[in-house]
Amino acid sequence: MKRIMVTGAVGQIGSELTLALRERYGNENVVACGRKTEPSKKLRDSGPFEWADCTQPDKLHAVVKKYNIDTIYHLAAILSAVAEAKPQLAWDVNINGLYNVLELARENNCAVFTPSSIGAFGPGTPLDNTPQDTIQRPNTMYGVTKVSGELLCDYYHKRFGVDARGVRYPGIISNETLPGGGTTDYAVAIYYGAIKEKKYTCYLKQGTYLDMMYMPDAIKAAMDLMEADPDKLVHRNAFNVTAMSFAPEHIYDEIKKRIPEFAMDYEVDPVRQAIAESWPNKMDDTAAKQEWGWEPSFNLARMTDDMLKVLGDKYSRGEL
Ligand code: AKB
């Protein structure tokens, strides 16, 4: 049985991925690591929890030794909008933190999953059907750290034999933990707005297409890639994965079909708009499909049904 450590386990993806990993590999075999935010009761009570900051290698090292860890899901990261506001912090967490994890993996023979992002692409990249292997010249600090991270992970694989794998996540939509400071966060916030106030003000312009994915598919992508036969992997860091591509008006239309009184207006944030315009409209994820059988389950309509049901139930119970 694997012995897993998850960094960033209290974050948007980490909080749900940790629970899914516990279900598959056993509660005691999955150690959740947080830095500052209190974990939910479900996360704290279902298995081991440790405070460990990825920029502090000694603490990470102690967790790896204490639990005899052989696999690390390294989710701790600063997202794109915060990274533009705090570029030094983004470099420290996204690069020095990753370096610490890879060194730990090299010394202790651990496999590593690291999420990259659509942010690893930039204005020179083809925006439609963005190829797996293409120009990557991002103009944001987030993008710089994501490309560097991909290269560093591949380097550790080739040079030291670390089993490092990753995906380029699109915007992730979920109903458990809110994302913290990304450019794609509007696609989560819009559902909360629809349920709580029947309205939403969008910070991206109409016509701004971006790749997106519902959380169950994001979790499946990470776990399936880490279980994939290494002999079949031509690529490693990082695979394009997507489930849907839409602009704000399309998600609005889907919600309005189900909540007719829902209204949306626009107040564009120039920073996040510029970031979004530098990212792909739609990635080509053929390599992920061919090399490890990637297949998403949720499209926009199915995701909208589920999001509104789950958030609607939470709202009725007074939990939102
Ligand atoms: C962000 O918007 O920063 C993230 C991402 C696409 O990597 N959700």
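These legends describe close-up views of a predicted model.

The model is predicted: local features need pLDDT of at least 70, side-chain atom pairs count only at pLDDT 80 or more, and totals for chains, interfaces and linings use all residues. Residues are numbered from 1 along each chain as its sequence is written, and side-chain values use heavy atoms, with hydrogens and water left out.

**View 1. The shell around the ligand.** Leu79, Ser80, Ser117, Ile118, Tyr142, Pro170, Gly182, Thr183, Thr184 and Trp279 surround the ligand. The shell holds five nonpolar residues, five polar ones and no charged ones. Here Ala, Val, Leu, Ile, Met, Phe, Trp, Tyr, Cys and Pro count as nonpolar; Asp, Glu, Lys and Arg count as charged; the others, Gly among them, count as polar.

View 2. A polar contact is a pair of N or O atoms within 3.5 Å. The side chain of Ser80 has an N or O atom 2.6 Å from an oxygen atom of the ligand. For the side chain of Ser117, the distance to a ligand oxygen atom is 2.7 Å. Thr184 places a polar side-chain atom 2.9 Å from a nitrogen atom of the ligand. The protein buries 93% of the 250 Å² that the ligand exposes when taken alone. Accessible areas come from the Shrake-Rupley method with a 1.4 Å probe.

**View 3. The ligand between two domains.** Domain 1 (4-170 + 214-240) and domain 2 (171-212 + 243-281 + 298-316) both give residues to the shell, so the ligand lies between them. The domain bounds come from an automatic or database domain assignment.

**View 4. The six-stranded sheet.** This open sheet has the order S3-S2-S1-S4-S5-S8, with parallel pairing. Its edge strands, S3 (49-51) and S8 (164-165), each pair on one side only. Strands are DSSP runs (E, at least two residues), numbered from the N terminus. Two strands pair if DSSP finds at least two bridges between them. S4 (residues 71-74) and S5 (residues 111-113) run parallel, joined by three bridges. Tyr73 stands opposite Phe113 in S5.

View 5. S10 pairs with S12 (residues 210-214) in the parallel sense over three bridges. Gly171 stands opposite Met212 in S12.

Conventions:
A residue is near a molecule or strand if one of its heavy atoms lies within 4 Å of it. A polar contact is a pair of N or O atoms within 3.5 Å; within protein, one must be able to donate a hydrogen and the other to accept it, and residues adjacent in sequence count only if both atoms are side-chain atoms. Helices (H or I, at least four residues) and strands (E, at least two) are DSSP runs, numbered from the N terminus.
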